[in-house]
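Let's take a friendly walk through a few spots in this structure. Have the sequence and the 3D view open as you read.

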Amino acid sequence: MMKKSRWAALALAGILVCGTILTGCGDNGGNNDAGGQNNSSETGGAGNSAENDGNAGVETPDGEPYEVVMSFPYYGTLKPDLQMIEDAMNEISVAEINVKMTMLPLAMNEVLTQQSLMISSNEKLDLMLGMRQSGFLELINKKMAIPLDELFEKYGKEIEEIQGVSMEKMARIRGFIALKSACDAYGLDYENEIGYEEMEAAFAKAKEANPEGYYPLAIAGSNLTTFEYFYNVDLLGADIACGGIFDNGHAGSEIRNIFATDEYMEHCRKMHEWYEKGYISPDATTRSEMMQDLIKNGTAFIYPSWTELDMVSRQSRGFGEDAVAITTQGKSVNTGVYQGQCWMIPVTCENPDAAFQYLKLLYTNEDMINILYYGIEGTHYVLTDQDRIIQYPEGIDGTSVGWSNALGLFGAIAKRYEMVPLTSDYFTMRDEFNNSITDAEKSPYLGYAFNTETVKTEYAAVTDVITQYRASLESGSVDPEVVMPEFLNALEAAGINTCIEANQKSLNEWIEAQK
Amino acid sequence: MSKVKVKQPRKKIRWARYIPIYFLALPGMIYLIINNYLPMFGIVIAFKDLDFRKGLLKSDWCGFENFKYLFRSKDALIITRNTVLYNVVFIIFGVILGITVAILLNEVRGRLKVKFFQSVILIPYLMSWVVVSYLVYAVFSAEVGFVNNSILKPMGSEPISWYMEPKYWPAILIFVHFWKSLGFTMVIYYSNLIGISPEYYEAAKIDGATKWQQIKSITLPLLKPTIITLTILNLGRIFSSDFGLFYQIPRNSGVLYPTTRTLDVYVYNALMKNNDFAMSSAASVYQAVVGFIFILVANGIIRKMSEENALF
């Protein structure tokens, strides 16, 4: 148990995590401004505290800057100005803490494997990222990361001030994003929370207007899911293979087999009905297009998504016309927010102290974070007349710009500029949103994450069963009356109950330890 | 006794005589050791509770713990059945179709024509599975597929959701496999065929043998060693499957699993979420061991039947 709680503590150090743009500011705008204006004095403060620790920056035997190798996941093609970014950031970091950084670009889908391989072959890597829900756990399960408790104690206070408090306010809203024009035409309400009936009515009208080759609800892929966009399920930092909790855990800490719930059965019945009526494409589980592309093609108008402020404006840009958020449930802060993207220090790192100090700089220095996100002012972006809102320079757009950080990772998002079409209002709206989150919307188990290593045999088998049945059930492609009993049997045979029991036991222990 | 005494010096001379030849083989052997034997050391991972802090060798042993998930699935039997049966079909029909096409091609006269047919048959082999999977999808997609729209619709039949109906897939997969791989198998047999001296056939013709008699009594017996070698090698992979074929072509449609899922696909799906090195090497070790046993048994049977054709 000792071991487990240490990892749970690491999950807390996942406060360093930044998952979404809504990660938001510190406590309030004021805090934020202070950070911006007093940038120099703040870093001075950092220097002082470092001196108090008897450790000004990072000392190396020859006085040369210590080199930190940091993973940089990218999506699509790598932008050409990597070296320029590195140099600009190193100029700051060498002066501040005597550390220079080498970026290690890793294609998004290879991040996990590459990092694991580097650690196992003892290649130099000082800062790595656990990404997505399972990514974070995998690295810990495989014992590839060191616990950060001590380092966090020593250097993390400032990060906590900027980022930590707001993490609990990182609410997400599950729902759907739809074309505004279509919602107006088919009478879909985007002002209020809605449910199955309202959507069904709009789908019927949409189908009537476009009988051939039009399937209003865009879902696609052999891993598609729909249930979680209607219900708030907290997976407790693991996968649905280890069960989940409804209603953010306020109704009790009992972990349930989500697939065996009445809600799930009802949902699959509804999906099957929609599928039969042609609201969902018969090829849903086999097609490989992005859901957004199905909408751009004009064969659908709504798709399941997170629907926070910036998601909608980003999608509007993508669609080339106005998009709106359809909400099915209120906002919620799940345990998963701590596991979106976590900075970790690999077991093979020579100087974790230096790596952590660099991390701290990424979170406290406004210039560092904006260089990493947007590049160099004047070359990759220009300031607009609105405060902290930027845009591409004349003649450059998203494809031709020499630098981008498409995955939106790294550092203090609170200190980051935002791109047009967002306006300065966004910062206020974001603060309002963050401050509006009530305790009821927060999971009481924030910081808990289930370590699946203890049940890895069952976990693997259950994962496989889920891959086999889930997409076809949740896309309505199969009749749940026939398939559901089969699915539940297979899950039990594979050992889902063992997984859930282990998760429950570890959660109970965690709750006990929090008291 | 005296016999032994005579033999000993002779053996020494033999060794000495062959040393230059072994020397020639040295680069190849070194390559084999580095490339094929050193990595085998990785087998230990399958029996370890891998801990990167302790390193590979110092991690704790965990017995067969990593193998358990392979048999955990309710469908373990179906998965094994699929893997083995598909391979059996591929081996048997691979031989028959490969030789048939090779003989047909051998009968084609005219260099240009031979080159043309050879290329046409070989091209699918050079395509990636992902490309092939889209071709198959274009044919069988429920919404826009060729079969549903251009064949079933004009005939007035109901469209079929191909990716939801497991019963069609053994036929589809077998067809796609041969469509893609036939070119390569054929080339191996064909290269053997053109090596057969035309004198045999001329003599047979003079004696009045028909085409069929020529094939039966000259071609097939001369191809026998190749057939046996290829079959034994294929038997060694009987527990493995072409991941591209079984994963990409059915587009990982869960409904099709009863007829499309093989061991490799199961391992991929099971470990996709937890990325476990030890468990994936366990799967490879399992496949390799079963394959090795199959090779030994097959070779043993052949050695009993006709010793000169056995591999070892």
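The notes below visit a cavity, a strand pair and a threonine in turn.

## About the model

Please keep in mind that this is a predicted model.

Searching the whole structure turns up eight cavities of 30 Å³ or more. The second largest cavity has a volume of about 60 Å³.

Which residues line the second largest cavity? They are A:Tyr215, A:Leu217, A:Ala218, A:Ile219, A:Ser281, A:Arg287, A:Leu294, A:Thr299 and A:Ala300. Sorted by class, this lining has six nonpolar, two polar and one charged residues.

## A strand pair in chain A

Strand β7 of chain A covers residues 302-306. Four of its five residues are buried, so by the cut-off of under 20% relative accessible area this strand is mostly covered.

Strand β4 of chain A, residues 174-179, pairs with β7(A) in the antiparallel sense, over five bridges. To find the pairing in your viewer, look for A:Arg174, whose bridge partner in β7(A) is A:Trp306.

## A threonine in chain B

Now turn to B:Thr259, which sits in helix α11 (residues 257-260) of chain B. Is B:Thr259 buried or exposed? With a relative accessible area of 15%, B:Thr259 is buried, because buried means under 20%.

What surrounds B:Thr259? Setting aside neighbours within four places in sequence, B:Thr259 is in contact with B:Asn82, B:Tyr86, B:Pro166, B:Trp169, B:Pro170 and B:Leu173. For B:Pro166 there is a further detail: its backbone oxygen lies 2.9 Å from a polar atom of the B:Thr259 side chain.

Conventions
Residues are numbered from 1 along each chain as its sequence is written. Chains are lettered from A and ligands numbered from 1 in the order in which they are written. This is a predicted model: local features need pLDDT of at least 70, side-chain atom pairs count only at pLDDT 80 or more; totals for chains, interfaces and linings use all residues. Side-chain values use heavy atoms; hydrogens and water are left out. On a 1 Å grid over the protein atoms alone, a cavity is a set of points where a 1.4 Å probe fits but cannot get out, and a pocket is an open set with protein on both sides within 12 Å along at least five of seven lines; lining residues have an atom within 4 Å of a point. Grid points are joined across faces, edges and corners, and a volume is the space filled by probe spheres set on the points. Ala, Val, Leu, Ile, Met, Phe, Trp, Tyr, Cys and Pro count as nonpolar, Asp, Glu, Lys and Arg as charged, and the others, Gly among them, as polar. Helices (H or I, at least four residues) and strands (E, at least two) are DSSP runs, numbered from the N terminus. Buried means under 20% relative accessible area, exposed over 50%, partly exposed in between (1.4 Å probe, protein chains only). A polar contact is a pair of N or O atoms within 3.5 Å; within protein, one must be able to donate a hydrogen and the other to accept it, and residues adjacent in sequence count only if both atoms are side-chain atoms. Contact means heavy atoms within 4.5 Å. Two strands pair if DSSP finds at least two bridges between them.
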